[in-house]
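Let's walk through some labels together and see where each one comes from. Have the viewer open as you read.

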Amino acid sequence: MRDNDPWDTIRSLAARFAEFDAERGLAAEEQWTLQVLKLSEEVGEAAQAVLGVRAANPRKGRSHDWEQVQEEVVDAVITGMVALTRMRPDDAPEFFASVLARKSAAFLPRTDPPPHPRDDPAVTSR
């Protein structure tokens, strides 16, 4: 069965990893640090896969395909979402949405919602 809200799965993963690290005696900030390092590892694996697609390593030749690159990118995204959730368990989705809106504003045109019919002078003057 597929979960409709990926954040529910992310929260479950974050909680499990936090339990695992707590059992090992790691403080919260140490857990966060290791999770960010894990994110760096996943990004490195995506880069390695791109090099494999481009046959940039003469010793290995073409060792990956684009679908493998895409899976590695998904791994990096999941790991980033888990890292954020571990650091902000109470509001990770909202914080993510807020930062996404702010950062994307420079690249995407602002779209205002259409006016409500009661606020449209053409409708109210009839």
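Q: Why is Lys38 called partly exposed?

A: Lys38 has a relative accessibility of 33%. Buried means under 20% relative accessible area, exposed means over 50%, and partly exposed lies in between, with a 1.4 Å probe and protein chains only as cover. Lys38 therefore counts as partly exposed. A word on the model: it is predicted, so local features need pLDDT of at least 70 and side-chain atom pairs count only at pLDDT 80 or more, while totals for chains, interfaces and linings use all residues. Residues are numbered from 1 along each chain as its sequence is written, and side-chain values use heavy atoms, leaving out hydrogens and water.

Q: What makes Lys38 and Glu42 a salt bridge?

A: The closest N and O atoms of Lys38 and Glu42 are 3.1 Å apart. A salt bridge needs a side-chain nitrogen of Lys or Arg within 4 Å of a carboxyl oxygen of Asp or Glu, so the pair of Lys38 and Glu42 qualifies. Both residues lie in helix α2, four residues apart, about one turn of the helix. Helices here are DSSP runs (H or I, at least four residues; strands are E, at least two), numbered from the N terminus.

Q: How do you know whether Glu42 is buried or exposed?

A: Glu42 has a relative accessibility of 7%, and because the limit for buried is under 20%, Glu42 counts as buried.

Q: Why does Asp21 count as buried, and which salt bridges does Asp21 form?

A: Asp21 is at 6% relative accessibility, so this residue counts as buried. Asp21 meets Arg86 in a salt bridge at 2.7 Å, N to O. That pair links distant parts of the chain, with Asp21 in helix α1 (residues 6–23) and Arg86 in helix α3, 65 residues apart. Asp21 also forms a salt bridge with Arg24, where the closest N and O atoms are 2.8 Å apart.

Q: What are the labels of the two arginines, buried or partly exposed?

A: Arg86 has a relative accessible area of 10% and is therefore buried. Arg24 stands at 49% and so counts as partly exposed.

Q: What makes Asp65, Glu67, Glu71 and Asp75 a negative surface patch?

A: These four residues form the patch, and Asp and Glu count as negative, Lys and Arg as positive, with His and the chain ends not counted. Patch members have over 30% relative accessible area and no salt bridge; like charges are joined within 9 Å, and nonpolar side chains (Val, Leu, Ile, Met, Phe, Trp, Tyr) within 5 Å. Asp65, in the loop between α2 (28–53) and α3 (66–87), has a relative accessible area of 35% and so passes the area cut-off.

Q: Why is the phi of Ala55 worth a look?

A: Phi of Ala55 is near 55°, a positive value in a residue other than glycine. Most residues other than glycine have a negative phi. Ala55 sits in the loop between α2 and α3.

Q: How many helices and strands does the chain have?

A: The chain has five helices and zero strands.

Terms used. Areas by Shrake-Rupley, 256 points an atom, 1.4 Å probe, with all protein chains shown as cover. Charge placed at Lys NZ, Arg CZ, Asp CG, Glu CD.
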